[in-house]
Amino acid sequence: MSTIAIAGTPQASEPPANVAGNHPAGAVRKCDTTGLPVCKTAERYVKLNAVMAVVFLLVGGVSALLLGLTRWPSVHLLPVDWFYRILTAHGLNMLIFWIIFMEVAILYFVGTTLLNSRLASKALAFTSFAMMLTGALLVNAMVFTGRADVMMTSYVPLRAHPGFYLGVILFAVGTLIGVINFFATVYIAKRDHTYEGSVPLVAFGAIAAAIIAVVTLLHGAIVMIPAFLWSLDLIGQPDAAWYRLVWWGLGHQSQQINVAAMVSVWYFLAHITTGAKPLNQAVCRGAFVLYILFINIASAHHLLVDPGVGATWKIWNTSYAMYLAVLASMIHGFTVPASVELAMRKKGFDKGLFGWLFAAPWRNPGFSAFFLSLVIFGFLGGITGVTLGTQQINIIAHNTLRIPGHFHTTVVGGTSLAFMGLCYYVVPLVFRREYAWRGLVRVQPYVFAAGITLMALAMSFAGSYGVPRRHWDIEFSGAPFSPGFDAAAHFMMGLVGVGAVVAFIGLLVFILLTVHAVFLGRSNEGRAMTAW
Amino acid sequence: MSEENRPEENHKTPGTLVLTILLLLSFALYYFANWKALADVWHVR
Amino acid sequence: MEERKHPIQRLMDNTWLLLFLGVVLTFISYTAWGVIELMSLPNATLP
Amino acid sequence: MSLTVPEKGWFKAPTGSERLWIGLALAWCMVLTLMMPFWHLRGKQNSTGEAYRVKPADFAARVARFVDANKVGELAGITVVAPAPGTDIYLQAQMWRWYPVLKLKKDQTYRLHVSSLDLQHSLSLQPMNMNFQILPGYDHVLTVTPTMAGEYSIICNEFCGIGHHMMVGRIIVEE
């Protein structure tokens, strides 16, 4: 650790860092590539959580293909009951299980390796993992046996089997235990002086994600426990508006965990693929603080045309208290590429405005996934999100396909793609296995990004013609009147199908290559990973 | 002096600034196009 | 000599204060205010 | 760098183009902030969330009285009502129909009460593409002025069970 001693001035007020960390003997190894310390207990749970993440990604991905092929008007694959069943499974597996398993893995990695600490509790890590897995399996069992055709949101008075709510509660509490384990690790690292001064930037971003996760999971507990008791007929039906208010404290904020985690992953990948260093850490950290303080209140985005909550509440909360969380994202949108630009220019790629960008390592899937994620999230996800979340504009967007069009560019083109890029380093560094068919890996981020962008743009356009989300048949067969959507809307729905198929191919390539690498890949133990 | 604390002459990132200004312009365009679309629908309070 | 830190830097270095503020601000601004709005609705007269 | 602890003295003010960008972004956020209150005061399309608590049975009874008093015909098996301009009018959402069909006058203002008798629904007026959430137990009041004549469909765009896609109603606006 390089510290600069200015003549005559004593060093920091804290005692010097314990460079060896606080690991018991034999519980730590040194990464053969980066030289960073890896806590073996944490490593085991990073692996377990990451593997489960990819398993649920596969379930959600196959569901996505079936949905895309059903909303493609000339294919219209699934019957009506299975469409809504698969839609429920898709939302939960993708938005909750894939992403949150992955995020718990990230928290364990960051808390131990970057803070040079042991994992606080093996027992908590086991309990958390067991509860999350049980919950996720229970939810999937309920959904696929047709006992919970209620969508991811399970809006009361729609009612599912008690097992469904119990599964969600188990998963949420399990996650909360994992997050507590992370905070305990942050605490013991500070107590044992395993690092000196402020935490690394990526760890700070992970702390922001973990704080948002606490808010999210508390809302989940407040709303899901009454719903569970109601499904057992132990209490009366929870109020519909109250349920929506608190449920979105879970539903929207869980996506804000993704934003904070994804931005941390951007900083991580920017550094590891190009050697990028942030221009000004105070700016980057300040932006994360704005997330912590203000991003959560934008759960109001879902209630902008609801009865009951007034205009003042809607305007204040939807604006993240005067758009301070938007400011944060716009700041990250500058600092991340700027750090890459600076690193590339220092390497001598200094020609013109964009010489650094053309010379960037586009053949490295870690870099391409990260940079495409940045562009898709910023240009498509961010712009549409803020616009649709404007209180009055939401009147022409609520519950149309414009909404999924927006969040497939944030959560899929943004978070999921960034996490895929992360996996291209997690597998060689944590599982210590190499990817095979590296040419295929290099094109994977492009295929996936192209498919998801096409699909999301087509959804957005279709939605602006009024095409609803969560809807089996826009021909309205059996209805007394036919709204007759514009021919352009039908064409766009065809493109949704095409985009979904392309994205699915990209997803499948990712999953197959990753599973192959984890179980059959060439081991790189004892030496550095093969550079991308 | 360490690398990170050097004066800002070494911190020039004009390419990124152009990209982000492009982002701001597309943002403003999309945002106000949506207000225009909203102004065309029935009046409601 | 105690190192002087900007108050904002001290906030950034204080995980627990950030956790507290993150939870409390959301619960006041979004959840509590929202629930109060819903609870204070009058009954319909259906004119 | 981002993976190790920052060097001492990392807390400093931004400079150069980073500082310029933060300024631009902050200015844009202020524009975004001011647009919503501005539209609330001067714009014609706002969702104020005006609502009252109501029992589904009471709402259904009021809809029945409203239909009896204003009935003018029938369309696709659904009663058509033509209420007087400027009055309180009612629309009932239930699995899977909107009831009744409303016949309104262009450029006249109505207080439209909408509620659900069972699940959550969402009123989506097409091809106008205006959308409002409808909840059981809440009388959602929309003070609405149709500014164009024609035949409009109301589709449900909140999932409400297997017949969700058949839930289509109609509003007719006459000159």
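In chain D, strand β11 (residues 150-156) and strand β12 (residues 168-174) pair in the antiparallel sense over six bridges, where strands are DSSP runs of E with at least two residues, numbered from the N terminus, and two strands pair if DSSP finds at least two bridges between them. The model is predicted, with local features requiring pLDDT of at least 70 and side-chain atom pairs pLDDT 80 or more, while totals for chains, interfaces and linings use all residues. Residues are numbered from 1 along each chain as its sequence is written, chains are lettered from A in the order in which they are written, and side-chain values use heavy atoms, leaving out hydrogens and water.

**Sheet of chain D**

- The bridge partner of D:E151 in β12(D) is D:I172.
- Seven strands of chain D form an open sheet of mixed pairing, in the order β2-β3-β6-β12-β11-β8-β9.
- Strands β2 (71-75) and β9 (130-134) of chain D stand at the edges, each with a single partner strand, so one side of each is left without a neighbour in the sheet.

**Helix pair of chain A**

- The axes (lines fitted to C-alpha atoms, for helices over the stretch in contact) of helix α12 (residues 402-431) and helix α13 (residues 438-464) of chain A come within 7 Å and cross at roughly 170 degrees.
- Helices α12(A) and α13(A) are therefore roughly antiparallel to each other, a term for angles over 145 degrees, on a scale from 0 to 180 degrees between N-to-C directions.

**Chain contacts**

- Chain B and chain C do not touch, and their nearest C-alpha atoms are 17 Å apart.

Note on methods. Contact = heavy atoms within 4.5 Å. Helix = DSSP H or I, 4+ residues; strand = E, 2+ residues; numbered from the N terminus. Parallel < 35°, antiparallel > 145°, perpendicular 65-115°, else oblique.
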